[in-house]
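The following paragraphs guide a new reader through a single protein chain. Please keep the sequence and the structure in view while reading.

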Amino acid sequence: MLSFESDYNNGAHPNILKRLVETNDTKSRTYGYDLWSDSARSKIKAACGCPDAQIWFLVGGTQTNATVIDSLLHTYEGVVSVDTGHINTHEAGAIEFTEHKVITIKGRDGKMDAQDLDNYMDEFLHDGNAEHCVYPGMVYITFPTELGTLYTARELDSVYQVCRKYDLPLYVDGARLGYGLMAEENDITLPYLAKHCDAFYIGGTKVGALCGEAVVFTHNNAHPHFFNIIKQHGALVAKGRTIGLQFDALFTDNLYFDISRHAIKMAMKMKKIFKKKGYRFLIDSPTNQQFVILHNDEMARLAKHVHFTVWGKYDRSHTSCRFVTSWATTEEEVEELRTIVMSEEETDRS
């Protein structure tokens, strides 16, 4: 079976495995205080153009979101997200489990509109009952979005300016950050992102690493006891070197960006196959996630040969399905997908 189900169903990039083996017999300090984690921090700071950044390595994306958000909020505050935001849809209530409400506003193609955020904050602050409500204490967005769309540099700046207007920290979920940065339509660089948010994380789990995420607090603004908070959330790795070393490899010789670019190249080839077949798309995504609308019969046919994600019902006879490429997707796999999609064994429906 071919698998285009996710971008974290492979192991790790060979360069990472090589470094893990090479350093396996070397003893080191624990909890991320090792020399490889220090090296990774230096390389990430340089890549972000952010010498004063504070960088922490956490075990996974859900733990990272829950930990960072909890650290930035007071007990009576919630986090503002679009309705399709990852923390609102696919994290099993992890944020609410930390006793912080996810406050949703309507998204536009998966993105938060600055004017919508401004309107929400203005209405909240002029509500005579505001003191009885969960207070919006920060803003959460993803790059790329849950629907594979991208903020432009101008859109990100607009959202950040609204956050500054209301003294709200802006946190960017970068689980698939590499795939967003390397998309052809993208005009945001890593340094630009670092200057237009208060915290973000660089996804490793979905972009070449065995596991792990790198949290970047851009203004030396991490909670003074963030280490304790990480541990409290079960996101601390005792053998911290295992994550730090992976990011040290990913940020050596542009590996993180090169493998991300490869995934985009494969996704665009895949997208052309779907278009040639005549499939419609739920949304026009320039990233490694492609959302295809399939007739239910066609979905059943493809499912015999390809793993993909059933995203949701589109109408009575069609379903939205997600196909994802990754750093590990090969040309041969895309060509095999082409053969399967273009098969005329059954009547084409789209």
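In what order do the strands of the open sheet of 4 strands stand, and is their pairing parallel or antiparallel? In this predicted model, the order is β9-β10-β13-β12, and the pairing is antiparallel. The edges of the sheet are formed by β9 (280–281) and β12 (309–313). Each of these two has a single partner strand, so one side of each is left without a neighbour in the sheet.

Strand β10, residues 289–295, pairs with strand β13, residues 318–324. Their antiparallel pairing runs over 7 bridges.

The wider arrangement of the chain may be considered next. The domain assignment divides the protein chain into domain 1 (2–6 + 259–342) and domain 2 (14–255). The contact between the domains takes 17 residues from domain 1 and 22 residues from domain 2. Taken over C-alpha atoms, the centres of domain 1 and domain 2 are separated by 27 Å.

The lining consists of Tyr-8, His-86, His-90, Glu-146, Arg-176, Thr-205, Lys-206, Thr-309, Trp-311 and Arg-322. By class, 2 of the lining residues are nonpolar, 4 are polar and 4 are charged.

The unreviewed UniProt entry carries the annotation "domain: Aromatic amino acid beta-eliminating lyase/threonine aldolase", which covers residues 29–234. In the model, the span of residues 29–234 is 37% helix and 18% strand. The end C-alpha atoms of that span lie 19 Å apart.

Val-237 is found in the loop between α10 (226–232) and α11 (241–250). Which residues does Val-237 touch, not counting residues up to four places away in sequence? They are Tyr-31, Val-59, Thr-242 and Ile-243. Val-237 may also be compared in position with Gly-212: the two are 25 residues apart in sequence, and their C-alpha atoms are 9.3 Å apart in space.

Notes
Residues are numbered from 1 along each chain as its sequence is written. This is a predicted model: local features need pLDDT of at least 70, side-chain atom pairs count only at pLDDT 80 or more; totals for chains, interfaces and linings use all residues. Side-chain values use heavy atoms; hydrogens and water are left out. UniProt positions are given in the numbering used here, feature names are shortened, and annotations may be inferred rather than shown by experiment. Contact means heavy atoms within 4.5 Å. On a 1 Å grid over the protein atoms alone, a cavity is a set of points where a 1.4 Å probe fits but cannot get out, and a pocket is an open set with protein on both sides within 12 Å along at least five of seven lines; lining residues have an atom within 4 Å of a point. Ala, Val, Leu, Ile, Met, Phe, Trp, Tyr, Cys and Pro count as nonpolar, Asp, Glu, Lys and Arg as charged, and the others, Gly among them, as polar. Two strands pair if DSSP finds at least two bridges between them. Domain bounds come from an automatic or database domain assignment.
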